[in-house]
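Hi,

Here is the structure I promised to pass on.

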Amino acid sequence: MRLSDLVAVMERIAPTRFAESWDNVGLLVGDPAQPVSKVLLTIDYTEVVAREGRDAGCDAAIAYHPPIFAGVKRIDPAGVVHDAIRRGVAIYSPHTALDVAAGGTNDVLCDILGLVERSPLKPAQPTSEQFKLVTFVPEPHLERVRAALFEAGAGRIGDYRCCSFSSPGTGTFFGEEGTNPTVGQSGKLESAVEIRMETIVPIGSVEAVMKALRGSHPYEEPAFDLHLLAATPVSVGQGRIGSFAVPTAREPLFDRIKHLLEIDHLLVAGPTSGTIRRAAVCAGSCGQFVGDALAQRAELYLTGEMRHHDALRAAAVGMTVVCTLHSHSERATLKRLEPLLKEALPGLEVLQSRLDRDPFAVR
């Protein structure tokens, strides 16, 4: 299979359009047309993990944390990115796109706690992501134009592709001196039966779609309208807030977290006993959402790491903060991702790294 097949499945699992604006997600290294047969799942694509992938014969890696993050001015020949490029190993990073996705990183943490009636802790702000393209085409050329627009990226609505609408009408034009109209002649007011075609264009595909329109349309100057669509409400966002089906004691919950995350330690601030009814989760480093958790009456907040003063703020008002260390709060999502990829891509061998580790250890 091709790398593009893997990218398409990851896009369905964790749509990159929902990633945080500061993040760097998606295909970071590799040619979508290259073949892939074995992928390695890891949180961090370190030198140790890169060697592990090489020894296992992996030609692709899904690294939760992007190994290319800030702007890059040069590639270190001794680094893992240069090595991946040299060996033709693709690297894909889902990061915050997987965090907000249904069934993704934060839902895994909710499942560990046993939360129900869950919703985003910090809902994403809706942003406009699409244009509507309206163009007018002579009927004999309609299918050629439509196919070219779809090939360039137009026409996708959710899980449906090749979406459009057509209706007949009459167009008029007057070609001035020097024009060479496809229908009629210049210097004369003409009318022509045309089909009005409408389709959706993602913002990132506008340039390619407009090029396809001009390349496939029979007219010298194809008429079109391009409308920026209003943002639609979204039900995704960072973190989760939810409730327990029954009041739940804190201390057994600490043991459950350690058992299911396969760790032997937690950092806990605030109350350590008594029962709770509501909890929040946010994988990684999520101290910035303490205020959101407090505002939504969370009595426990499970995350990877938190600044000292954020933990003090939460503990001072009686909220229990549970920190696992950063990547321990994310690693369980790889176990959820592996069977999804195997089911969607039965020809792809999927391995989880055995050498990927959080950089911190408690001694």
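This is a predicted model: local features need pLDDT of at least 70, side-chain atom pairs count only at pLDDT 80 or more; totals for chains, interfaces and linings use all residues.

Residues are numbered from 1 along each chain as its sequence is written, and side-chain values use heavy atoms, with hydrogens and water left out.

First, the inside. In soluble globular proteins, nonpolar side chains tend to be buried together. The largest nonpolar core here has 25 residues, and Leu6, Ile62 and Leu341 have the most contacts inside it. (A nonpolar core is a set of buried Ala, Val, Leu, Ile, Met, Phe, Trp, Tyr and Cys residues joined through side-chain atoms within 4.5 Å; buried means under 20% relative accessible area, exposed over 50%, and partly exposed in between, with a 1.4 Å probe and protein chains only.) Two or more residues each come from helix 1 (3-13), strand 2 (38-42), strand 3, strand 4 (90-93), helix 4 (96-100) and helix 11 (332-344). Helix 1 gives the most, with five residues. (Helices are DSSP runs of H or I with at least four residues, strands are runs of E with at least two, and both are numbered from the N terminus.) There is also a second, separate core of 21 residues, which includes Leu109, Phe244, Leu253 and Ile263.

Next, the cysteines. Which two are joined by a disulfide? They are Cys282 and Cys286, with 2.4 Å from S to S; the rule is a pair of cysteine sulfur atoms within 2.5 Å. The torsion about their S-S bond is about -60 degrees, so this disulfide is left-handed. Both Cys282 and Cys286 are buried. Cys162 is in no disulfide, and its nearest cysteine sulfur, that of Cys163, is 7.4 Å away. Cys162 counts as partly exposed because its relative accessibility is 41%.

Finally, two isoleucines in loops. Ile75 is in the loop between strand 3 (60-63) and helix 3 (80-87), and its relative accessibility of 39% is why it counts as partly exposed. Ile203 is in the loop between strand 8 (189-202) and helix 7 (206-216); at 40% relative accessibility, Ile203 is partly exposed too. The C-alpha atoms of Ile203 and Ala154 are separated by 9.9 Å, although the two are 49 residues apart along the chain.

Cheers
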